[in-house]
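I would like the general idea of each feature first and then the case at hand.

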Amino acid sequence: MKNTKRVRVEGRSKVTGKRIYVDDLRPEDTGFDFDIAVPVTSRCAVGKISAIDTSAATHVPGVKFIMTYQNAPKLKKVGPLISMVEVGGLLPLQDNRIHYFGQCVAVVVADNLLAAQEAARLVKVSYTDTQTPIVTLAQAQSRLRKVKRAGIALGKLTKGDAKREYEAAAVQLDETYHCAPHHHNAIEIGTAIANWDDDGGVTVYAATQWHHLESLGIAQAFGLGFNQQLFDFAIRMLVGRAKEGKVRLNNMMSGGAFGRNLNMIHVLLAAMAAKQHGKAVKIVLSRAQTYTMYAYRGEVNQRLRVGVDAQQHLSAIVQEPQVAIGAAGDFVEPVGEAPMQLYAHKSHFLQHRVARLDLKGTGWMRGPGISSAIFAVESAMDELAHKQGLDPLEFRRINHADVNPENGKPWASKSLLACYDQGATMIGWQTRPQGGSYDAQGQLIGYGMATSFDLGRQFPASARVTLNPDGTATVAVAAAEIGQGIMSALTTIAAESLGLPHKRITLQTQHTKLPYAAGSIGSTGTFSNGSAIYEAALAIKARLFKWLVKQKDVTFYKHDPSTLHIDNGEVVGGDGQRVPLETILAYYPKPLSHHAKTGRTFGMGSKFAKASFGAIFTGVAVDPLTMVMKVKRMVGAFACGRIIEPLPACNQILGGMVWGMGQALFEETRLDPNEGSWVNDSLAEALVSTNADTPEMDMVFVEEDDTVAHPLGMKGLAEVGLVGPAPAIANAFYDATGKRLRKLPLLLEDRLTTPSDRKDSLASAVAAEFARLPVPTPVEVV
Amino acid sequence: MKKTFVINQTEHTLELDPRMTLLDLLREDLNLIGTRKGCDFGHCGACTVHIDGKRVLSCLKLAATVDGEVTTIEGISQDSHLHPMQEAFLVHDGYQCGYCTSGQIMSAIACVNEGKATTREDIKEAMSGNLCRCSAYTNIVAAIESYCNNHTDKQVAEQVAS
């Protein structure tokens with residue numbers, strides 16, 4: 001069947017392999033020659049470098065320069081950065097101290113990749129004053145401290161007296177939920193190019209999610225402006241200033257980002273090496289280095305208490321997350337942001353506590369905080385429903401939040417109940433078999449569901465739209481394409497706002513000299529930048545029509561400008577007369593261009609609350625003896641306001657659901673507790689979902705109108721697919737086996753050993769057998 | 001050492017570093033950048049190319065050991081004329097960031113050629129050596145299915161051979 005939906009604007013370049021990612025750049029693309037740099041990382045977690053022997057490395061033919069802390073440029077303090085990642089607290093190669101395993105200790109520059117890689121292996125680093133690192137929350141209990149902020153959310157929240165309400169509740173749940181650390185594992189490894197310009201500025205090629213935030217970090221580190229740091233950045237953000245400064249960033253498309261491509265260490269290293277080497281360099285990471293040169297999602301352990309009153313309404317939510325962060329950087333998973341806005345409830349208490357571990361700094365990852373939070377809350381909702389003899393879906397309907405429970409504001413739009421209905425119909429929720437019955441293959445059948453949620457925000461953004469004399473339009477907005485389809489969506493918004501066919505729109509996004517744009521982060525990029533384009537288009541049309549009705553020899557003389565509009569490249573009068581836009585523009589006296597700035601209040605001035613919602617339903621099959629689980633079917637219904645580009649939007653949601661499944665079944669980067677290293681630092685061992693793991697999936701968007709909050713009617717959708725599947729699968733596993741697992745991923749050993757509520761079942765007997773096995777004694781590491 | 005390669009039907013005689021993988025040869029020496037490096041260890045499939053029509057992970061193949069005609073993503077279409085598998089990926093949005101896409105398409109063509117695209121389950125299994133972290137798997141399978149449905153076995157064989 002021919003698919004009539006629009007393909008992506010950059011789609012052809014992707015299916016032909018012609019798309020240029022950073023690693024694909026050659027001197028003919030950049031206009032300058034460059035050498036190849038490769039980092040060397042520490043094999044020690046906590047200690048000091050006592051000696052670096054580069055003699056063998058320098059003898060490799062082709063090697064030109066080796067940078068260590070002894071000869072690296074001294075950088076200026078960076079931060080505080082909005083990304084809150086490591087470089088705000090720890091800059092690379094500034095002294096001999098080692099804070100975590102895998103920290104950069106040297107950069108080898110050669111005239112070719114093979115020589116640089118071979119020489120990097122020959123750099124010998126010796127360490128002294130080494131200490132055993134603390135790398136898990138269990139080891140770090142004495143390091144826990146309360147924090148005021150988590151991500152961009154508050155670290156502490158209270159409503160009523162939640163602890164007292166909990167004590168008085170008719171039904172209580174008091175459990176602890178654990179989420180393992182894991183990495184983004186984008187398939188693009190990581191490359192950056194830097195070249196120092198004659199005027200003392202630097203030209204950089206990188207793949208970042210936020211052009212101007214990336215360049216802010218570089219500018220601060222090298223003293224190239226932004227001396228007022230955040231203040232100066234805020235000015236750029238709020239005024240939408242297009243002035244580039246001396247950091248000239250070319251942002252190439254990201255080969256996957258998922259939160260990791262923000263203020264990256266290797267981008268700074270490229271600029272440092274180029275400065276010291278006296279020639280441009282291209283730094284190339286290895287796959288293993290991505291585990292310590294980029295941020296990741298840190299470990300989270302949360303105690304959750306939920307109280308329910310006799311009318312089956314939530315009376316208290318007490319959430320106490322312990323969040324691991326790294327040796328530097330201040331990013332804390334905002335675990336408490338979502339639960340307090342999800343269901344109606346009488347009281348809540350939230351306090352994040354944070355432990356600084358001897359690890360690489362943590363950072364943003366798709367569904368920051370919310371994916372861990374929803375796992376706990378939605379597992380708890382399922383468990384509480386069972387305690388009360390209620391259908392899990394019915395219990396959620398009873399506690400539906402008609403207004404935002406945290407601030408009491410009405411939702412601009414909310415179609416969660418319709419999502420429940422449509423998702424339930426898609427999977428056949430009402431007619432599902434009894435949990436724990438056997439299918440034709442002798443597997444235990446289980447069904448589970450969860451609510452999902454995404455706080456779409458509007459961030460400050462700006463865009464310049466220019467109508468060219470030939471009736472085409474140029475849209476300049478430094479927005480970052482990371483695979484979400486933002487280029488297609490922004491093209492569509494521009495085409496619709498201007499009344500032009502898509503093919504007449506040219507989008508410019510690559511450089512920091514383009515107008516300041518919001519980053520591709522937190523389900524905000526398309527909406528924030530789309531708003532700026534929309535407003536620029538409105539301003540241009542208003543100016544054009546005002547001029548047009550004064551032109552005596554033109555069709556629309558003395559028309560009311562408010563009756564005019566542009567459709568398919570023609571100006572249309574209230575009387576239906578049509579004149580091609582290019583005919584009119586040929587007479588317009590000067591360039592018709594407008595630079596619009598939007599979102600300065602971050603959408604917080606609105607009297608409405610804004611969020612996307614969804615409902616995930618899943619069916620699993622579990623082997624009764626081995627507890628091997630296969631997700632057979634996963635469906636979702638989502639309400640995300642207006643969908644601009646259906647093809648990439650559906651794709652992103654389905655991909656998010658697969659991420660959620662991966663979080664449930666596989667995703668964990670494991671630590672060696674003695675060495676402090678990530679053990680499974682490869683794509684073969686840090687398991688992510690493959691094609692064969694992916695179940696039969698289906699999704700629908702529930703139509704909704706969010707125009708009361710913004711004329712574009714948009715909300716965020718990048719994360720709403722991801723946050724529900726993990727608890728839905730855990731709940732389905734319970735339905736199948738009677739075993740309640742509260743640790744992600746749902747490891748096979750936990751599936752086997754967790755006792756079952758169904759005392760007479762085979763699953764229960766298997767767990768009892770495991771309980772009889774002797775506990776192995778840990779091997780002493782000498 | 002000197003070695004002659006046939007890559008996308010063009011002969012190249014090159015002075016070869018014996019450490020060089022086929023992937024690095026393609027990317028660094030021949031500027032065929034459409035074949036991507038995702039791991040350099042044979043884990044992700046982004047570097048999949050064909051040697052005599054069979055899929056090979058070019059990062060695991062030392063260039064010196066290449067024995068046969070190499071086809072890369074640049075070799076399956078000419079100018080503006082897409083290979084029907086590329087067309088299917090485009091229309092079905094069988095990608096997001098696009099970084100793994102060259103490998104997915106090369107693998108998909110071979111997967112059909114190997115006779116492994118008979119059922120959805122078979123396609124999923126045969127395509128599981130190609131990771132897509134954006135997880136566009138549903139659309140990738142839809143693209144391959146539509147390619148198979150739009151082409152008779154004979155047409156498929158001809159396209160794959162050409």
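The dialogue below treats the chain contact, the core, helix packing and some backbone details.

Q: How are the residues, chains and ligands labelled, and what kind of model is this?
A: Residues are numbered from 1 along each chain as its sequence is written, while chains are lettered from A and ligands numbered from 1 in the order in which they are written. The model is predicted: local features need pLDDT of at least 70, side-chain atom pairs count only at pLDDT 80 or more, and totals for chains, interfaces and linings use all residues.

Q: Which residues have the most contacts inside the largest nonpolar core?
A: A nonpolar core is a set of buried Ala, Val, Leu, Ile, Met, Phe, Trp, Tyr and Cys residues joined through C-beta atoms within 7 Å. A residue is buried if 20 or more other C-beta atoms lie within 10 Å of its own, exposed if 12 or fewer, and partly exposed in between, with C-beta atoms placed from the backbone. The largest core has 309 residues, and Val108(A), Val204(A), Ala270(A) and Ile533(A) have the most contacts inside it. Helix α17 (residues 646-665) of chain A gives the most to this core, with eleven residues. Leaving out residues up to four places away in sequence, Val204(A) touches residues including Ala192(A), Ile218(A), Leu249(A) and Val267(A).

Q: How is the packing of α14(A) and α15(A) read?
A: Two packed helices are described by the angle between their axes and the distance between the axes. Axes are lines fitted to C-alpha atoms, for helices over the stretch in contact, and angles run from 0 to 180 degrees between N-to-C directions. The axes of α14 (residues 486-498) and α15 (residues 525-548) of chain A come within 9 Å and cross at roughly 25°. The two helices are therefore roughly parallel to each other; angles under 35 degrees count as roughly parallel, over 145 as roughly antiparallel, 65 to 115 as roughly perpendicular and the rest as oblique. By class, their contact has ten nonpolar, five polar and no charged residues.

Q: At what angle do α11(A) and α18(A) pack?
A: Helix α11 (residues 370-387) and helix α18 (residues 725-737) of chain A pack at an angle of about 30°, with their axes 8 Å apart. That makes α11(A) roughly parallel to α18(A). Their contact includes Phe375(A) of α11(A) and Tyr734(A) of α18(A). By class, this contact has six nonpolar, three polar and two charged residues.

Q: What is the phi of Met627(A), and what is that of Ser135(B)?
A: Most residues other than glycine have a negative phi, and most peptide bonds are trans. Met627(A) has a positive phi of about 65° although it is not a glycine, and Ser135(B) likewise has a positive phi of about 65°. Met627(A) lies in the loop between β28 (612-622) and β29 (629-639) of chain A and is buried, with 24 other C-beta atoms within 10 Å. Ser135(B) is found in the loop between α4 and α5 of chain B and is buried, with 29 other C-beta atoms within 10 Å.

Q: Is the peptide bond from Leu744(A) to Pro745(A) cis or trans?
A: This bond is cis, with omega near -10°. Pro745(A) is in the loop between β31 (743-744) and α19 (748-753) of chain A.

Q: Which residues of α2(B) are buried?
A: Six of the eight residues of α2(B) are buried: Met85(B), Gln86(B), Ala88(B), Phe89(B), Leu90(B) and Val91(B). These buried residues pack against α1 (11-15) of chain A together with α3 and α5 of chain B. Just after α2(B), Asp93(B) takes a positive phi of about 55°.

Methods:
Helices (H or I, at least four residues) and strands (E, at least two) are DSSP runs, numbered from the N terminus. Two residues are in contact if their C-beta atoms, placed from the backbone, lie within 7 Å. Ala, Val, Leu, Ile, Met, Phe, Trp, Tyr, Cys and Pro count as nonpolar, Asp, Glu, Lys and Arg as charged, and the others, Gly among them, as polar.
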